[in-house]
Amino acid sequence: MIHTPCTLSRAVAAASLILGASLPAWAEDGGFFEDAKTDLLLRNYYFNRDFRDPGAAKSKVDEWAQGFILKFASGYTPGVVGFGLDGIAMFGMKLDSSRDVSGSELLPVHDDGRAADDYGRAGVAAKMRISATELKVGELLPDIPLLRYDDGRLLPQTFRGAMLDSREIEGLSLQAGQYREVSLRNSSDMQDLSAWAAPGVTSDGFNYAGAEYRFNEQRTLVGVWHSQLEDIYQQSYFNLLHKQPVGDWVLGANLGYFIDKDNGQARIGDIQSRTGYALLSAATGGHTLYLGLQKVSGDSQWMSVYGSSGRTLGNDMFNGNFSNADERSWQVRYDYNFAAMGIPGLLAMVRYGHGENATTAAGSNGKEWERDTEVGYTIQSGTFQRLSIRVNNATNRRSFNSDFDQTRLIVSYPLSF
């Protein structure tokens with residue numbers, strides 16, 4: 001893997017070198033080059049966060065940056081065992097920032113508090129396929145319930161390791177893997193893994209195995225997973241997803257339950273927690289309503305790898321997921337797809353989440369709430385087809401942490417070759 005701060009020309013050069021050797025998978029009868037695919041995402045990102053606490057270290061964070069994300073995947077060589085290569089090259093550049101308003105995590109921050117002018121990284125993964133079983137080793141973007149890479153800023157987080165995905169039986173997916181290092185979303189470097197509960201305490205690796213089975217005409221999924229962040233925590237997860245048509249409505253349920261314990265040397269101390277959630281939905285026409293209920297029980301917060309996304313949890317929102325020890329939370333959400341009104345590509349969302357009884361470093365009985373809104377539009381045809389614009393706003397109030405209001409504007413333009 002290559003990890004170097006660079007200018008745009010150097011990043012493109014690095015990407016070109018990788019592209020020459022690797023250009024996704026699951027090709028059937030093609031070949032290494034015949035099934036090659038390359039995607040370039042241009043992402044323009046503006047981030048503003050206004051702190052509402054009188055004693056806040058900064059009154060606001062306010063930055064603007066441009067990102068380039070190039071992904072390329074070869075097909076597989078012919079034969080019983082197929083071989084291929086995947087690659088990713090990323091580059092981010094500062095458009096507007098200063099020492100007084102840095103810290104949005106769009107860009108790395110130097111010791112003097114100033115954001116880097118640019119940064120980038122690139123990496124490759126070798127892959128092998130036998131029948132419907134695929135092995136990848138190298139630079140990866142894991143998106144499994146126990147480890148979801150974070151793509152919430154300018155460039156995505158990446159991990160270095162290996163993953164195995166076998167789908168030999170219809171409807172059944174068996175997965176396993178190990179990750180040893182991570183590059184955070186605002187970093188050019190690899191670092192050791194750690195947990196959100198104690199980012200300064202490192203682990204030698206993250207191991208996982210899981211099984212998911214889809215049935216009932218793909219409307220139902222059951223999943224069982226287990227993982228360990230070595231010498232820090234181990235986690236088991238049980239999941240049920242179901243969609244049920246009822247007249248003009250489609251009712252949905254996303255149910256999950258986590259069991260967290262300390263592992264090995266227990267480098268961050270004893271861990272004992274249970275986290276259960278239910279995210280229920282009802283959709284008709286362009287309308288979708290959600291109700292989320294979530295509870296963390298025990299002496300510890302919900303466990304996850306530092307830097308990773310909390311999208312698996314039922315009450316995950318733009319800035320938090322209500323996962324502190326002892327915390328009870330709920331959310332209500334409403335989505336509307338304007339395609340139902342003859343405007344395809346236009347989407348809107350509003351949600352509100354509330355948590356209470358949280359135990360944190362600040363004490364017990366903590367309370368918090370978050371209100372999110374988002375409007376997005378994707379151009380459907382013409383020269384700029386697939387270009388999307390998203391504007392979202394969040395308001396966070398917490399008894400145990402900073403209060404802030406936040407606005408983000410993201411313009412994304414994906415190109416495929």
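These legends walk through close-up views of side-chain contacts in a predicted model.

**View 1. D151 and R43 meet in a salt bridge.** Of the 23 salt bridges in the structure, this one has an N to O distance of 2.9 Å. The pair links distant parts of the chain, 108 residues apart: R43 belongs to strand 2 (residues 37-51), while D151 sits in the loop between strand 8 (147-148) and strand 9 (158-166). R43 is buried at 8% relative accessibility, whereas D151 is partly exposed at 31%.

**View 2. D405 and R52 form a salt bridge.** Here N and O are 2.9 Å apart. Because D405 lies in strand 23 (residues 404-416) and R52 in the loop between strand 2 and strand 3 (60-73), the pair ties together parts that are 353 residues apart in sequence. D405 has a relative accessible area of 17% and is buried; R52, at 48%, is partly exposed. Look for R397 here too: salt bridges that share partners join R52, R397 and D405 into one network.

**View 3. F51 and F404 make an aromatic pair.** The structure holds 15 aromatic pairs. In this one the ring centres are 6.2 Å apart and the planes stand at 70°, so the pair is edge-to-face. F51 comes from strand 2 and F404 from strand 23, 353 residues apart. F404 is buried at 4% relative accessibility, and F51 is partly exposed at 22%.

**View 4. D231 and R267 join two loops through a salt bridge.** The N to O distance is 3.2 Å. D231 lies in the loop between strand 14 (220-229) and strand 15 (233-246), and R267 in the loop between strand 16 (249-262) and strand 17 (272-284), so the bridge ties together parts that are 36 residues apart in sequence. D231 is buried at 15% relative accessibility, while R267 is partly exposed at 30%.

**View 5. Y237 and F258 are a stacked aromatic pair.** Their rings lie 4.3 Å centre to centre, with 25° between the planes. Y237 is in strand 15 and F258 in strand 16, so this pair ties together parts 21 residues apart in sequence. Y237 counts as buried at 1% relative accessibility, and F258 counts as buried at 0%.

**View 6. Here are an aromatic cluster and two charges over rings.** F159, Y179, F206, Y208 and W225 form one aromatic cluster. Elsewhere, the charged end of R333 sits over the ring of Y290, 5.0 Å from its centre. R351 lies over the face of F318, at 4.7 Å from the ring centre.

Conventions. Residues numbered from 1 in each chain as written. Predicted model: local features only at pLDDT ≥ 70, side-chain atom pairs only at ≥ 80, totals over all residues. Heavy atoms only, no water. Salt bridge = Lys/Arg side-chain N within 4 Å of Asp/Glu carboxyl O. Helix = DSSP H or I, 4+ residues; strand = E, 2+ residues; numbered from the N terminus. Buried < 20%, exposed > 50% of the residue type's maximum accessible area, 1.4 Å probe, protein only. Phe/Tyr/Trp six-rings, centres within 6.5 Å; stacked < 30°, edge-to-face > 60°. Lys NZ or Arg CZ within 6 Å of the ring centre and 35° of its normal.
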